[in-house]
Amino acid sequence: MKALRIVLPLLLLLTATFALSQTAAQKSFDQLKSLSGSWEGKNSEGKPLQVSFRDTAGGSALMSEIMGQGHENMISMIHLDGPNRLLMTHYCGAGNQPRMTATTSPDGKTITFDFLDATNLATPADGHMQRVVFTILDANHHTEDWTFAAGPGKEMKEFFDLRRN
């Protein structure tokens, strides 16, 4: 009986600790979900743009919509793939859909998505989004640094400096 009084609280403590621990992917997803709402700012050329983030699918996905780039709006969907991997699918104006996997800086403020694969991409040399880096400076200010692979050895970059509406 004495052993049970010792083991039971220990077991409850371990269970609670396990339940409260989050993987890096889950923490990054929560950090990105904190961006929910409307944002406005400028692109690399100083042109105005708007970005919105919205929880969808019962909180299992985050949708980002970029508006004001002078072409069709672009949508990105961010979601967990199991507890250890954070994915983004970018529905690009180029007509393809790159999927990217996330890594997070040690301080948790920078989340980098790198190309994994894509649908509707005939060859790897065709233009596609290669990378996006989200840097969350504070609750009302973040940046997005997008890299488009424009062909072998060619990149186009776009930088957004955004503030919450």
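This is a predicted model: local features need pLDDT of at least 70, side-chain atom pairs count only at pLDDT 80 or more; totals for chains, interfaces and linings use all residues.
Which residues have the most contacts inside the largest nonpolar core? They are L32, I78, M88 and F113, within a core of 26 residues.

## Overall architecture

The chain comprises two helices and 10 strands. Read from the N terminus, the order of elements is α-α-β-β-β-β-β-β-β-β-β-β. The strands form a closed barrel in the order 1-2-3-4-5-6-7-8-9-10, and their pairing is antiparallel. From one strand to the next, the twist averages 25 degrees.

Of the 165 residues in the chain, 33% are buried. The chain exposes about 9,500 Å², of which carbon and sulfur atoms supply 58%.

## Strand pairing around the barrel

Strands of a sheet pair through backbone hydrogen bonds, in either a parallel or an antiparallel sense. The table lists several of the pairings in this chain.

| Strand pair | Sense | Bridges |
|---|---|---|
| Strand 1 (residues 37-42) and strand 10 (residues 154-164) | antiparallel | four |
| Strand 3 and strand 4 | antiparallel | six |
| Strand 4 and strand 5 | antiparallel | six |
| Strand 6 (residues 97-104) and strand 7 (residues 110-119) | antiparallel | eight |
| Strand 9 and strand 10 | antiparallel | 10 |

Where strand 1 meets strand 10, W39 stands opposite R164. M63 stands opposite M77 of strand 4, and L80 has L86 in strand 5 as its bridge partner. T101 has its bridge partner, D114, in strand 7.

Two of the hairpins contain a glycine with a positive phi. Strand 4 and strand 5 form a hairpin with five residues between the strands, where G82 takes a positive phi near 75 degrees. The hairpin of strand 9 and strand 10 has two residues between them, and G153 in its turn has a positive phi of about 75 degrees.

Which strands does helix 2 lie across? Helix 2 (residues 24-33) lies across strand 2 (48-56), strand 3 (61-67), strand 4 (74-80), strand 5 (86-91), strand 6, strand 7 and strand 8 (128-138). Its direction makes an angle of about 140 degrees with strand 4.

L32, one of the residues with the most contacts inside the largest nonpolar core, touches L62, I78, L86, I111, F113 and F134, when residues up to four places away in sequence are not counted. I78 and F113, both touched by L32, are likewise listed among the residues with the most contacts inside the core. Strand 8 supplies the largest share of this core, namely four residues.

## Aromatic pairs

A pair of aromatic rings is described by the distance of the centres and the angle of the planes. The chain has three aromatic pairs. One of them joins F53 and F134 in an edge-to-face arrangement, at 6.3 Å centre to centre and with 65 degrees between the planes. F53 lies in strand 2 and F134 in strand 8, so this pair ties together parts that are 81 residues apart in sequence. Both F53 and F134 are buried.

F134 also forms an edge-to-face pair with W146, at 6.4 Å centre to centre and with 70 degrees between the planes. W146 lies in strand 9 (residues 141-151) and F134 in strand 8, so the parts tied together by this pair are 12 residues apart in sequence. W146 is buried, as is F134. F53, F113, F134 and W146 form one aromatic cluster.

The C-alpha atoms of V133 and T112 are separated by 4.4 Å, although the two residues are 21 residues apart along the chain. Leaving aside residues up to four places away in sequence, V133 touches T110, I111, T112, T143, E144 and D145. I111 is also touched by L32.

Note on methods:
Residues are numbered from 1 along each chain as its sequence is written. Side-chain values use heavy atoms; hydrogens and water are left out. Buried means under 20% relative accessible area, exposed over 50%, partly exposed in between (1.4 Å probe, protein chains only). Accessible areas come from the Shrake-Rupley method with a 1.4 Å probe; for residues, only the protein chains shown count as cover. Two strands pair if DSSP finds at least two bridges between them. Axes are lines fitted to C-alpha atoms, for helices over the stretch in contact, and angles run from 0 to 180 degrees between N-to-C directions. Contact means heavy atoms within 4.5 Å. Rings of Phe, Tyr and Trp (its six-membered ring) pair if their centres lie within 6.5 Å; planes under 30 degrees apart count as stacked, over 60 as edge-to-face and the rest as tilted. A nonpolar core is a set of buried Ala, Val, Leu, Ile, Met, Phe, Trp, Tyr and Cys residues joined through side-chain atoms within 4.5 Å.
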